[in-house]
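Please open the model in your viewer and keep the selection tool at hand.

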Amino acid sequence: MLKTETKSEHKIDQSGKSLMTMVNAALAIEKLRVAAEVRQSHLAKHGKCDPETDELHRYLKEVEDYVDERVAYLVESRPAYDWFSRVKGVGGENIGKVLAAIDIHKAPTISSLWMFAGLAPDADGRSMRKVKGEKARYNSQLRSMCWRLAVWLKRARGKFCYYYLQEKEKYTQRFLSQGYQILPAPKGKWVCLNCGQSWGRMRDITPCCGNPSVERRVIKEPPGVIWRGHLDMMALRKMIKLFLACLWLVWREAEGLPVRSPYPAEKQGHTKVISPWEMVDSWAITFACYFRDKKREALPGAVPLLGEP
């Protein structure tokens with residue numbers, strides 16, 4: 001016998017589809033808006049302007065603002081809203097673009113969600129990457145949105161930022177104890193093979209010698225050296241993985257789906273497990289409720305929510 005879908009289940013499913021539709025629209029509009037801004041900047045360098053491009057950019061910005069507002073509104077109906085709305089640095093637009101790409105029913109474990117987001121280690125222990133001629137094993141859009149969210153969590157200086165700083169210090173002490181030198185990464189990804197002059201960006205390349213041969217060079221870390229940027233990204237990656245783990249646990253519990261302990265606690269005997277509710281920022285609760293209600297009042301057909309979630 002087929003399971004009869006209840007009204008509440010249908011409503012949640014439709015809300016998820018609407019969120020995905022609006023997020024896809026937001027990403028498409030963002031690309032067009034950025035393209036218009038790039039054209040404006042190129043024209044400005046030559047002392048020119050294009051009224052049509054300026055008008056297009058103005059309309060795209062208005063539409064983008066509208067779509068972002070709708071994304072923030074639709075995010076409020078997601079099951080884990082009561083948790084991530086209390087995390088400092090989580091905005092409606094950024095979290096909406098993360099949630100829209102995830103089907104929590106298809107992620108039975110935290111590791112499966114990490115793999116879908118491209119944050120799980122590959123077979124050789126390195127980060128997952130695309131291979132020419134093969135289908136990517138992760139959602140590249142979700143991966144990009146997770147990194148964007150990670151930057152905002154870091155800038156917000158909330159509990160996730162504090163966790164990031166702790167992990168960065170651990171990585172620093174570990175590499176120093178192993179005899180590594182922590183140095184800034186050298187600038188200049190584009191190099192002239194004849195004269196050796198380098199540039200940070202392709203658009204910065206200028207005539208350098210009589211017979212220039214410019215190529216992009218992948219600069220690798222010398223033995224015994226780790227770059228500060230690499231160290232920073234390692235800690236940032238660990239922070240966003242913790243956020244996804246907390247999101248997975250709260251979301252699965254809200255949906256009434258089975259959950260299990262993280263792999264380190266279940267298989268490796270770790271006793272300390274970070275609870276999602278340990279990572280919320282208490283001061284953000286009142287502000288999240290206030291601005292949520294204000295936005296709902298401003299949107300057509302929205303009913304204000306009273307009290308805290």
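A salt bridge is here a side-chain nitrogen of Lys or Arg within 4 Å of a carboxyl oxygen of Asp or Glu. The model is predicted, and it holds 13 such salt bridges.

Select Arg-33 and Glu-64 first. Their side chains form a salt bridge with an N to O distance of 2.9 Å. This pair connects distant parts of the chain: Arg-33 belongs to helix H1 (residues 7–45) and Glu-64 to helix H2 (residues 51–75), 31 residues apart. Both Arg-33 and Glu-64 are buried.

Next, select helix H4, residues 92–99. Because 6 of its 8 residues are buried, H4 is largely enclosed by the rest of the structure. The buried residues include Asn-94, Ile-95 and Gly-96, as well as Lys-97, Val-98 and Leu-99.

Within H4, display the side chains of Glu-93 and Lys-97. They form a salt bridge whose closest N and O atoms are 2.9 Å apart. The two residues are 4 positions apart in the helix, about one turn. An α-helix has 3.6 residues a turn, so residues three or four places apart point the same way. Glu-93 is partly exposed, at 26% relative accessible area, whereas Lys-97 is buried, at 2%.

Finally, select Asp-232 and Lys-154, whose side chains meet in a salt bridge at 3.4 Å, N to O. This pair also joins distant parts of the chain, with Asp-232 in helix H8 (residues 228–254) and Lys-154 in helix H6 (residues 140–156), 78 residues apart. Asp-232 has a relative accessible area of 13% and is therefore buried; Lys-154, at 29%, is partly exposed.

Key. Residues numbered from 1 in each chain as written. Predicted model: local features only at pLDDT ≥ 70, side-chain atom pairs only at ≥ 80, totals over all residues. Heavy atoms only, no water. Buried < 20%, exposed > 50% of the residue type's maximum accessible area, 1.4 Å probe, protein only.
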